[in-house]
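Dear colleague,

I am passing on a structure for you to look at, and below it I have written down what was found in it. Please keep the structure open beside the text while you read.

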Amino acid sequence: MDLYRERLWPAPWLYISTALVIPATILVFAPINMIVGIVLAIVFYLAIVGMIMASAAPVRVTSTELIAGRASIPLEFVGEPTAYTGEDASLQRGRLLDARAWLLIRGWVKPVVKVPVLDAGDPAPYWLISTRNPDQLVRVLGEARLAS
């Protein structure tokens with residue numbers, strides 16, 4: 001059972017901005033054949049949208065583990081999480097980022113949660129996870145850690 005669930009869907013502006021591939025493709029292929037240009041433009045746009053949607057990673061907390069994208073960690077190895085928003089989130093994703101950290105960050109989701117890893121055998125000192133609800137994720141993780 002999921003205690004917390006979120007999917008990091010892209011922002012609407014990303015779909016709109018990638019639509020620029022349509023006129024660009026038509027412009028390239030129009031001298032050859034306008035129909036081919038239109039068909040390829042639609043195919044390229046749909047392929048890009050498909051790739052963007054496939055990159056929408058899930059973030060879940062169950063009673064036993066934290067799951068972020070394809071990775072998971074048992075709650076017994078999770079430390080006290082911290083939420084960051086605004087400029088603090090930018091610093092965590094940038095200048096203050098440890099190169100050994102495990103990342104699930106998306107450019108279209110600004111807030112992040114930093115989750116320390118308590119497993120001495122794990123080379124990552126912490127996980128940095130993008131989330132639209134940082135305070136809720138921190139609260140649920142804290143409650144789940146205490147319950148486990």
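Helices (H or I, at least four residues) and strands (E, at least two) are DSSP runs, numbered from the N terminus. This is a predicted model, in which local features need pLDDT of at least 70 and side-chain atom pairs count only at pLDDT 80 or more, while totals for chains, interfaces and linings use all residues. Residues are numbered from 1 along each chain as its sequence is written, and side-chain values use heavy atoms, with hydrogens and water left out.

Val61, in strand S2, counts as buried because its relative accessibility is 0%. Leaving aside neighbours within four places in sequence, Val61 is in contact (heavy atoms within 4.5 Å) with residues including Leu3, Leu66, Leu137 and Leu141.

Val61 and Leu141 are also among the residues with the most contacts inside the largest nonpolar core, which has 27 residues; such a core is a set of buried Ala, Val, Leu, Ile, Met, Phe, Trp, Tyr and Cys residues joined through side-chain atoms within 4.5 Å. H5 gives the most to this core, with five residues.

Best wishes

Conventions: Buried < 20%, exposed > 50% of the residue type's maximum accessible area, 1.4 Å probe, protein only.
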